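This report looks at aromatic rings and the charges placed over them. Please view the model alongside the text.

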Amino acid sequence: MLNRRHIRVKVMQSIYALHQKNSDEIEKEEKFLLHSIDSIQDLYLIMLSSLIEIRKKEIVFLEASSKKHLATLEDKKPNRKFVDNAVLQLLEESNSLSIALEKRKINNWAMDDTYVLILLNEIKQSKLYQVYMQNKKTSFEVDKEFVAAMFAELIAPNEKLYEYLEDNKLTWIDDIPLVNTQILKQLNQFSEKEEFRVTRLYKDQEDQEFVTLLFKKTVLNEVELAKEYINKTPNWDAERIAEIDTIILKMAICEFLKFPSIPVKVTINEYLEIAKEYSTPKSSIFINGILDNLVKEFQSEDKIKKSGRGLIQN
């Protein structure tokens, strides 16, 4: 689920937090960093389980309607296409998902079912739902297409849900798009021949180790890393450089010099994109100029040692 750019963003935010607190409690911040990343898995499971809980609420509604004193024919024999949706049923039947929810004690919707009802109500009022319910064609592909569209158009962008998640954990603000993209990808790739399986947080052990290594190697070498660019900004007052920019520069230089398996171009491109999203409008231009000059200097001095799949790309 996690990609390297998101890891870099989380590390950048933790270094920024250290600066803002004017703190040297590196171990404490590292622990918080790892915890905030680990909690992304909880967010992923909460969003996935919302699909299961929405279906459960509709089943309860249909059963209650059929038992009304003055139940109509529609109440007694409702259109069950939504609750019979094959994808929603397979999600509920997934052992992988059930085990993960139990293991990580995810029970948010049992305590805050108001949000499930809000989502269900908006879904039932949508044109997407009406068209699906009136469609006489029944197939796994039709069900999958509906669930994917429902998630992308009605659940993921729901403002009430977003506010709930933001209030639940502030660090999730930047994680929500990542998680929703992952879930949508899985829904679109879902096959009725395979059990739905919960995705892993890290792609591999190397990515997991990258979090701690990048954080520590940057923080513990900040003074030395700053020296690499501090006198190479003639048109910029060092004290007026945005703090996020200084952190991005240090992290990028750290990757140049201390991560032999990461190509130089990958590092530059990643941090330019991060600068565009998290810093000032002109930051990416400034950072690109500094890094480009530093790479030429480092290469001429043979300071960049890249090996294996991370050979320097020119």
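This is a predicted model: local features need pLDDT of at least 70, side-chain atom pairs count only at pLDDT 80 or more; totals for chains, interfaces and linings use all residues.

Residues are numbered from 1 along each chain as its sequence is written, and side-chain values use heavy atoms, with hydrogens and water left out.

The structure holds nine aromatic pairs. Rings of Phe, Tyr and Trp (its six-membered ring) pair if their centres lie within 6.5 Å; planes under 30 degrees apart count as stacked, over 60 as edge-to-face and the rest as tilted. Two of the pairs are listed here.

| Pair | Centre to centre | Angle between planes |
|---|---|---|
| Phe82 and Phe146 | 6.1 Å | 85° |
| Phe190 and Phe196 | 5.5 Å | 75° |

The planes of Phe82 and Phe146 stand at 85°, so this pair is edge-to-face. It links distant parts of the chain, 64 residues apart: Phe82 is in the loop between helix H3 (73-76) and helix H4 (86-93), and Phe146 is in helix H9 (residues 140-155). Helices here are DSSP runs (H or I, at least four residues), numbered from the N terminus. Phe82 is buried at 2% relative accessibility, and Phe146 is buried at 4%; buried means under 20% relative accessible area (1.4 Å probe, protein chains only).

The pair of Phe190 and Phe196 is also edge-to-face. Phe190 is buried at 6% relative accessibility, as is Phe196 at 4%.

Ring pairs join Phe82, Tyr129, Tyr132 and Phe146 into a cluster. The charged end of Lys81 sits over the ring of Tyr132, 4.7 Å from its centre. Lys169 lies over the face of Trp172, 5.9 Å from the ring centre. A charge sits over a ring if NZ of Lys or CZ of Arg is within 6 Å of the ring centre and within 35 degrees of the ring normal.

Notes
Helices (H or I, at least four residues) and strands (E, at least two) are DSSP runs, numbered from the N terminus. Buried means under 20% relative accessible area, exposed over 50%, partly exposed in between (1.4 Å probe, protein chains only).
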